[in-house]
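Hello,

The structure we talked about is below. My notes on it follow.

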Amino acid sequence: MGPYRRCCHDHRSSRVLAIALGGRVETADVESVAAELAARLSRHEKVSIFADLTAFDEMTFAAAWADARHGLGKLWELRRFPKEAIVVGEGWLDRTARLFAPVVPFVEIRTFPPAEREAALAWAADIEGGPNA
């Protein structure tokens, strides 16, 4: 496993899955994120996502397939993911996230520039139900 790492965990709450993906994302990285998300969902009804993609370069086909499989598996649980904050520079990832944000039901998706990383984490942590959601 290489580029996936837990980052900037908001120690005030485990209801934010804070990750950084960089370089080449492999299947093991996707599986690690999915396992950590499952652990948080076992403790909380709602979990927000904070994803720092500033160092992201590429994803293998197998990793993309695993990501799609995990994502489709959560399709009926979208209400459990109130916010997704994506830290990314300008470019195709930012445009793609902005394109899909309005069509993903129940999830508020926002992109933030790298300079607003802390604001993005604070925004993701501010979910309905407070610290015990």
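Where does W76 lie? W76 lies in the loop that runs between α2 (61-73) and β6 (83-87); helices (H or I, at least four residues) and strands (E, at least two) are DSSP runs, numbered from the N terminus.

On the basis of the numbers: this is a predicted model, in which local features need pLDDT of at least 70 and side-chain atom pairs count only at pLDDT 80 or more, while totals for chains, interfaces and linings use all residues. Residues are numbered from 1 along each chain as its sequence is written, and side-chain values use heavy atoms, with hydrogens and water left out.

The protein chain has 4 helices and 7 strands, in the order β-β-β-α-β-β-α-β-α-β-α from the N terminus on. Of its 133 residues, 44% are buried (under 20% relative accessible area; exposed is over 50%, partly exposed in between; 1.4 Å probe, protein chains only). Among contacts (heavy atoms within 4.5 Å) with a separation of 6 or more, 79% join residues 24 or more positions apart.

W76 is exposed, at a relative accessible area of 81%. Together with L72 and L75, W76 makes a nonpolar surface patch of about 430 Å². Areas come from the Shrake-Rupley method with a 1.4 Å probe; for residues, only the protein chains shown count as cover.

F106, in the loop between α3 (92-100) and β7 (108-112), has a positive phi of about 75° although it is not a glycine.

Regards

Technical notes: Patches are made of residues with over 30% relative accessible area and no salt bridge: like charges are joined within 9 Å, nonpolar side chains (Val, Leu, Ile, Met, Phe, Trp, Tyr) within 5 Å. A salt bridge is a side-chain nitrogen of Lys or Arg within 4 Å of a carboxyl oxygen of Asp or Glu.
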